[in-house]
Structure formats: structure tokens, C-alpha cells
Amino acid sequence: MASSVSAIAERDLPARYKGLGRRRFNSFLGTGLALFCALVAAASLLAILGYVVRQGVGAINWEFLTDVPHPIGVPGGGVGNGIVGSLIIIGIATLMALPVGLLTGIYLALFGRGVLPESLRFLSDVLSGVPSIAIGLFAYALLVAPFKHFSAFSASFAFMMLMLPLLVRTSEQAIRTVPQTVREGALALGMSNFRATIQIVLPTALPAIVTALLLAIARVTGETAPLLFTAFGSQFWETNPGNPMAELSLQVFTYAISPYPSWQAQAWGGALLLIVAVFVLSLGARLMLARAMRGLSE
Amino acid sequence: MTAVAAPAEILATDDLSAYYGEHKAVGDVSIQFRRKAVTALIGPSGCGKTTLLRCLNRIHEVLFDARVTGRVLLDGHDIYATDMDPMRVRRRIGMVFQRPNPFPTLSILDNVLACGRHGLTREQKLQVAERALRAAALWDEVKDKLKTSPLRLSGGQQQRLCIARAIAAEPEVLLMDEPTASLDPIATAVIEELMCSLAKEFTIVAVTHNMQQAARVSDVTAFMLADETRIGRLIEVDDTSKLFTKPRDPRTEDYITGRFG
């Protein structure tokens, strides 16, 4: 900036231009402080990641990924049934939450004013703030206690309740960001409101909706509390959603609080798998969002 | 206010008022639109010309809290009658918007066919699309990339695509809301030429705040002005040549001679 052109001495300037040095210093101070805080935040994240990788990477091998847990004293064993269980429980939860969440989001985006939509929004915000253990308890009271039988489905139901508010609000937002001119263009061709939404507005909002879905899945992937009294856990290859089922984060919990060093090592391995899964989901979400942004500005 | 004696009218409003919530944006407009002619709606910003246009295909009412009173007669039938389906109305009265709004996720071809010409074979659909694109003077520029995204086209091409999309539905009336507002002079000239040629087949009602454009493309011009309570009123409507040379209302004269607005 300080080229030969701007070689005007500070003292020659009118008073209102003076004090540049102090402003420059303040700006430097502020920027430096912000940078420092950002580094602290990044460092603690990296520390967690690094620690989990260091502790967990030793536990990960083929047997760990594909075998069921072994009884105490029998070496080896794995979390294969937990991985499968996670996929089944989260899969069923997604299948239930996606249509309900998406259609509710469409409803709010299209007919978003009035008492019913406003109360829906409020309820959805409340639901997203309810602790997951309370939602697990609700699923227990509704789907476990009456049948006196733990089940993977009750866990899916709890996960669905956790995903719903996220999906509702984010798909509403995604649909709202589609320009009104695009929607009016469709209506002006004589399309019905519903068809204009499904055929024109929704595809335009799709990348953002997929992003929201991936983030919602990532959110429940890390949940443990609702599983304690719904899926309950299992030592076996269990694929029937009507029965208790193993789940990865639940296994991490059980192993971590056990007194056996071999199980504790496996807990770190499981934790690493969970972090990798969430990392991949978040990365996928970011890539989708970047694509969506490009698509809109193109 | 005087109406043009036009027996060949296709579209007419009768005491039409349009509201946004409590605010009346257009007040008591009665105007006839001549069949297969270009009618230009001119007037300063905020005079209600776009709102009036948006009442003619019932797109005004899709905005929250927007409503309309009075009648709009299409071939003598009120399009606001309770048994009139707005979707059918919009099929017969197409619209081109101020900014090109191609559907971003559809190909150029699918944009043109978006009005949903059901019961046609693939071949016939291609014919419909080609005819519409030719009529919109866009065919030669896009015939080799019909399956590509419309977002790669220039602004002027996108606007002609929107015109092709509107006329593929074979409407009787084509509404155009400042169709060249976002285009450069060359693209504007192309669209203006297009408006003149389309008038042989369609009835066109176009909003413009460019008086030269109104003079160049329209057969009839209507002048609107907001009154002291910000309600848009129709001041005068006449053959374009008469309105620009011998305006009857002093406010029209003030506007076209550049004394305000």
C-alpha cells in the first residue's frame, strides 16, 4: 500500500484523517486475537482426533471389523455385528424420517403462515432441543415397556425423532432458497402448486436437502443414550429389527466402562470408526453443498 | 379515462383493483386489450403496471396476502369466476418475467416442454419444441445442445428460452413483464423484433418503463400513474401513435415529454 504515490506525511493531513497508526494497531490486535482463538479451537479438535487415532488404530484389523464380540478371556473378537446393527437401525430411522421430514418441510415452505405452520415450527424447534436420553425414554415407554422386549426398531424410532426436526427445518430452508421467480415461472405455465414444487422447486433444492439428510445421519450416528434402553445391545449377529441389536456407539460405551484392557482397546477402535463415519458423512455433505452453490450461481 | 373502441378485444378488465394486504396497489382499472396486437403498459416505477399485468393471469394471488377485486374477462368469461381454475387460465395466458427464469435443473429441451404437452409422442414433442424455439428465434443457437443446461446460455438467450417455453403451451395471450429490463441493447433489439413477429399469432401485453420501446413495439399504449395515495390508476389508453403525438391527458404529456418519472 505504501507506494511512492501516497508519500504524504501524516502531519500534512487534515485532522479527520489522523490517528491511522492507532487504528492500524487496533486492527492488528483484533485480527491477532481472532486468529489465536481459531488456532486454540483447531488445536483441541486435532488433539482429540489425534488421540483417538493413536489409541484406536491398533485395535482395527479385519477380525475387528467382521467378527462378533468374544466372551471375556477369549482373545480377539470385533464389532462387526455393531456395524451392521448401526446400518440397520440408522437405515430404518432414515427411511421413516425422510418422507415425513421432507413433506413437512415442503408444507412449511409453501403454506408457511398461520397458526398450524407456526406451531409446527415451534414444536420442531422444541423437539430438536429435547435431550436424546429423554427421547430414548419416550421410545422405551412407547415401544419397549408395553412389549417387555427390547428392539432395534424402538431405537430406530428414537433416532427418527432426533432426525425429524433437523430435516423439517433444513428442507424448509432449502426450498425457501429457491428463487420465487422459478416457482412463479412454473405456476405461470399452468402447473399446479404441487407439481411445480415436486418437478421444479424440489430438484433445484435437492443438493441442499441431501446435505441436510447427511448431517442428520451424522448426528444420530454419534448418539448413544437413546440406545441404552431401546436397542439394548447384543453379542450375536442380529438382523431382525424386532429383537435387541448391537450398535457401534453402544458397544463403545459398554467396552469403555468395562474393567478389561482388551475391551477398552476395542472401545477406542470403535470410537475411531465412529469418527471416520461422521467425517465421511460431513465431507459428503460439504461437497454436495458446494455443488449446490455452484449450481445456483452458474 | 377513455377506452379504445376495439370490437376485436380478447381480454378486458372491469373495475379491477389489486391489493397487497391492506394496501391497494392498482385501483379500478377498466381496459380492453386488442386481439393480436401489442399493448404496452407504461408509467413510472410504482405505478402498478406490473401488478396489473400479474392480475391478468392470476399470478398476483400466489403472493402472500395478495388479492384482487373486479373482473378480468377472457373472451367474455371472468377468469376470477369461482368455477374458473387458475391453472387453466394460466395455460391460456402465458407469461414472461422481468428476469430470465429458466428452470435450472431441466435441460433446454425440457424447459420448453415443461408446460406438459401430454399425449404426444417423442417425435411430436420435438416438433413442438422446435416450433416454439424457432418462433422465439433461438432454434439455430441451441439446436445442437438441447440436452444441456439452460444456465450456460446468455441472458438474452435465456429470456428467449423463457419466451419459447411460454409459447410452447400455445397460449392465446402472452404477458411480458419488462422482458428486456435485464438485457443489453443488442439482446433487447432481438427481443423487441420478436415481440413484433409474435404479435401476428398472439395477443401481447407488455410492461415497459422504456417509452422508446413502447413506441417501437406496441400498437396500443396504456399510461398508468400512482395517485397521491399510491394507488395505481389508468390515465389514458390509445393507439401508440396517437398517445405519443397527441396525448389527451396533461399528465400523459408530462410523462412522455420527460417532465417527471
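Visitor: Which helices of chain A and chain B each supply at least two residues of the lining of the largest pocket?

Guide: In this predicted model, where local features need pLDDT of at least 70, side-chain atom pairs count only at pLDDT 80 or more, and totals for chains, interfaces and linings use all residues, side-chain values use heavy atoms, leaving out hydrogens and water. Residues are numbered from 1 along each chain as its sequence is written, and chains are lettered from A and ligands numbered from 1 in the order written. The helices are α3 (80-110), α6 (152-177), α7 (180-188) and α8 (193-221) of chain A, with α2 of chain B; helices are DSSP runs (H or I, at least four residues), numbered from the N terminus.

Visitor: What makes a residue part of a pocket's lining?

Guide: Having an atom within 4 Å of a pocket point; on a 1 Å grid over the protein atoms alone, a pocket is an open set where a 1.4 Å probe fits, with protein on both sides within 12 Å along at least five of seven lines. The largest pocket has a volume of about 570 Å³. Its lining has 24 residues, the closest to the centre being A:Ala109, A:Leu110, A:Gln180, A:Arg183 and B:Val62.

Visitor: Why is the pair B:Arg54 and A:Glu184 called a salt bridge?

Guide: The rule asks for a side-chain nitrogen of Lys or Arg within 4 Å of a carboxyl oxygen of Asp or Glu. Here N to O is 2.7 Å, so the pair qualifies. The interface of the two chains has 1 salt bridge.

Visitor: How many residues does each chain give to the contact?

Guide: Chain B gives 24 and chain A gives 20, with contact meaning heavy atoms within 4.5 Å.

Notes. Grid points are joined across faces, edges and corners, and a volume is the space filled by probe spheres set on the points.
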